[in-house]
Amino acid sequence: MASCTSLPRSGPDHKDVDRGAAVKVTTKERRVGIDYALVDLSKNVLSYFTSPQPTSFKGFGGGRGGAPEIPLGYGDVVEVAIFEAQSGGLFIPSDAGSRPGNYISLPAQTIDRNGTITIPYAGRVPAAGRLKETVEQDVEDRLASRAIEPQVVITTTTNRSSQVAVLGDVNNPQRVQISPAGERILDVISAAGGLTTNNIETNVTLQRRGRTATVAYNTLLKNPAENIYVAPDDTISVDHERRTFLALGAAGTSGRFDFEESDLTLGEAIAKAGGLRDDRADPAQVLLYRLVPRKTLAAMHVDTTRFAGDTVPVIIRVNLRDPATLFAAQQFKMEDKDIIYVSNSDSIELVKFLDIVNSVSSTVAGVTDDARDTRSAVRELGR
């Protein structure tokens, strides 16, 4: 028995670790201390575990109707044309004659950091954040007492403020300029070269004036109401989110598995992990670990007063000995980071114990045989 200390080992013994600790932070009975709820999978439970409702872009507006009007902004370059009804006015000399289209074009200018443009005899006119038509009317009102029936036309030659940043998992991240026709979220993603990842594991996040929402890319494709018009200074972030689940215990293959390009049900996930081991698994004790929203359990009339926070640790127990449960497992949707644990059958624990007993008895018998063989070998050498 003393020689057991010299047997091969891949690391320190747990007893050595325990003895060598300068400080120990342990729990009574070595329990983790996390409360959880246990729910048996059944027909009645299925309706509460539908696919989670994602956030929506509808609250940002711009889902229906025509494209939103785009105001002028800082850094835009504009040209201003001023028309007068006849010559001899403020801008058109009297010798120009009376002809249709009496106008002058002012040099192109940039809306400055104060958000203004400069118009002769009208002064500095606020422009940033205002619609082009509003600025035109403002200039006309300022010139009305000096020019002859002035009419003003403002043309944007360089649009620097009406842009949207598209970042993340797209082929060509860039700032996309918004046209007066209006662009929707999928339009600007397409302008940035489209996705570099598969649709089903891609999320789109919209940031606008301090607000943020995230919607699955497939939702944008399937629900046109979510594909809203973008607005100046929006930021669109496209992110690939790898979805995985763990399979542990007496599953056919333990490890981490990808959802890949499809959604999975519990039945499909078990099959992906190689099913249950026929020589070890207890089909009545297949456990799914998940953090579930508190409101879901409240809807099921589960007492959640012992739990803090918005989510509750839940173990969903699946009895695959019941043939009908296979139908439920095929309807139950898996979620990212779920854990499937397949328990050992009670008989397996007995088999393990008997193996130990058999190993010990075999070793004792082996020692006697080894001693006898050794004595025989020494006698042979002495001859």
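**View 1. Lys337, an exposed residue in a loop.** Lys337 is exposed, because its relative accessible area of 52% passes the cut-off of over 50%. This value, like every other here, comes from a predicted model. Lys337 lies in the loop between helix α8 (325–331) and strand β17 (339–344). Its phi is positive, about 75 degrees, although Lys337 is not a glycine.

**View 2. The six-stranded sheet that includes β17.** What is the strand order in this open sheet of 6 strands? The order runs β1-β16-β15-β17-β13-β14, and the pairing is mixed. Strands β1 (37–40) and β14 (255–258) stand at the edges. Each has a single partner strand, so one side of each is left without a neighbour in the sheet. From one strand to the next, the twist averages 25 degrees.

**View 3. The pairing of β13 with β17.** Strand β13 covers residues 244–249. It pairs with β17 in the parallel sense, over 4 bridges. Which residue of β17 is the bridge partner of Leu246? That partner is Ile339.

**View 4. Tyr121, a partly exposed residue in a loop.** Tyr121 sits in the loop between β5 (116–119) and β6 (123–126). Its phi is near 70 degrees, a positive value in a residue other than glycine. The relative accessibility of Tyr121 is 47%. Buried means under 20% and exposed means over 50%, so Tyr121 counts as partly exposed.

**View 5. The five-stranded sheet.** Here 5 strands form an open sheet. Read across, the order is β9-β8-β12-β10-β11, with mixed pairing. Which strands stand at the edges? They are β9 (174–177) and β11 (211–216). Each pairs with a single partner strand, so one side of each has no neighbour in the sheet. The twist averages 20 degrees from one strand to the next.

**View 6. The pairing of β8 with β12.** Strand β8 spans residues 163–168, and strand β12 spans residues 235–240. The two pair in the parallel sense over 4 bridges. Gly168 has Val238 in β12 as its bridge partner.

**View 7. The whole protein, for context.** The secondary structure comes to 9 helices and 17 strands. How many of the 383 residues, as a percentage, count as buried? The share is 34%. Now take contacts between residues at least 6 apart in sequence: 65% of them join residues at least 24 apart. The accessible surface comes to about 23500 Å². Carbon and sulfur atoms account for 52% of that surface.

Definitions and conventions:
Residues numbered from 1 in each chain as written. Predicted model: local features only at pLDDT ≥ 70, side-chain atom pairs only at ≥ 80, totals over all residues. Heavy atoms only, no water. Buried < 20%, exposed > 50% of the residue type's maximum accessible area, 1.4 Å probe, protein only. Contact = heavy atoms within 4.5 Å. Areas by Shrake-Rupley, 256 points an atom, 1.4 Å probe, with all protein chains shown as cover. Pairing = 2+ DSSP bridges. Axes fitted to C-alpha atoms, helices over the stretch in contact; angles between N-to-C directions.
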